[in-house]
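Below are some comments on the model you sent, as numbered points. Please read them with the structure open.

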Amino acid sequence: MRQVHICEVGPRDGLQNAKHLMSTEAKKAWISALAAAGLREIEVGSFVPPKLIPAMADTGEIVRFSRTLQNVKVVALAPNLKGFQRAVEAGAHKVTFPVSASRKHSESNVRMTPEQMVEEVRRCAQLGGAEIEGAVSTAFGCTMQGAVPEDDVVRIAVSLAQFCDAVALADTVGYANPAQVKRVFSRVRREIGGKLEGAHFHNTRGLGLANALAAYEVGVRNFDSSMGGLGGCPFAPGASGNVITEDLVFMFESMGASTGIDLERLFEARAILTEAIPQEPIYGHTPQAGLPKGFRAAA
Ligand SMILES: [Zn+2]
């Protein structure tokens, strides 16, 4: 039985921030390999204007392709109503909306205040057609605003919980520390209970795994991560991107918490990724060191 649920966000969060473009065919091969390794939820792309982010121009085709894979929940990101409509049209099972708790980040990212963005997500929820996740982004700090008040995070999470199927908290720029993670997740959980599902961490300062473990210890069981920590961070040259899927799976499996993901097959998917964009930096301690002698996955 899966005790920890991992959503692979590399094809979206990773490729969106990568310097090199991956071909549509390579994306399909990679996503297929991720599914074969046991990933049951994959964020495959983002419905943003292709002019803004060329790496996401084929998201419609990738969503339609991913729908042909067995047992995979196909997730797409949308920044607004138009993106949501495109996602539903393409057949995404679930659409994630980033709602920034930082006013400055929200205005520069989606040209809306956090309150306006909450209303935009509400309109999409009323239309229906896909499961909706409201992800409170910059929930642990912001490169533009600096500190983000925890009260703002709680208020936005409470608003989103009124109409979203699930709410996630995202450390978009890698500012979080484990004590803060425990405090903020616990506060939001007291307000919205089981609606609080996902944790989305970046490894910008090397605390991705520590933050994931902290969230696990306060009851979080749903995590986003990206293969190879793909994508980096536009604000921190040389930094890796999301918490690394391979290391996250290894951590949980070696602790005895089953992820349902096969590490050897995950490494095969990694080989497809590195072959597709060989110049792109790919991170991960576990794939580099190999599995420990006598390693046994959780039952
Ligand atoms: Zn992210």
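**Notes on the predicted model**

1. Helix α8 first. Its buried residues are Q180, V181, V184, F185, V188 and I192. They cover an arc of only 115 degrees around the axis, which puts them on the same side of α8. This is a predicted model, and the remarks here should be read as such.

2. The partners of that buried side can be listed. The buried residues of α8 pack against helix α7 (150-161), strand β6 (166-171), β7 and α9 (208-217).

3. The length of α8 checks out. The helix runs over residues 178-192, and its 15 residues should span 21 Å at 1.5 Å a residue. The end C-alpha atoms are 21 Å apart, which agrees with that expectation.

4. Both ends of α8 deserve a look. Just after the helix, G193 has a positive phi of about 55 degrees.

5. Which residues coordinate the zinc ion? They are D13 through OD, H200 through NE2 and H202 through NE2, at 2.0 to 2.1 Å. Along the chain, the donors follow the spacing D-x186-H-x1-H. D13 lies in helix α1 (residues 10-17) and H200 in strand β7 (residues 196-201), so this pair ties together parts that are 187 residues apart in sequence.

6. Leaving out residues up to four places away in sequence, H105 touches S100, S137, T138, C142 and M144.

7. On cysteines: how many disulfides does a search of the whole structure find? The count is zero. For C124, the closest cysteine sulfur is that of C164, and at 9.5 Å it is too far for a bond; a disulfide would need the two sulfur atoms within 2.5 Å. C124 has 0% relative accessibility and so counts as buried.

Key
Residues are numbered from 1 along each chain as its sequence is written. This is a predicted model: local features need pLDDT of at least 70, side-chain atom pairs count only at pLDDT 80 or more; totals for chains, interfaces and linings use all residues. Side-chain values use heavy atoms; hydrogens and water are left out. Donors are N, O and S atoms within 2.8 Å of the metal (3.2 Å for Na, K and Ca); water is not among the atoms, so sites may look incomplete. Helices (H or I, at least four residues) and strands (E, at least two) are DSSP runs, numbered from the N terminus. The expected span of a helix is 1.5 Å times one less than its number of residues. Buried means under 20% relative accessible area, exposed over 50%, partly exposed in between (1.4 Å probe, protein chains only). The arc is that of the directions from the helix axis to the C-beta atoms. Contact means heavy atoms within 4.5 Å.
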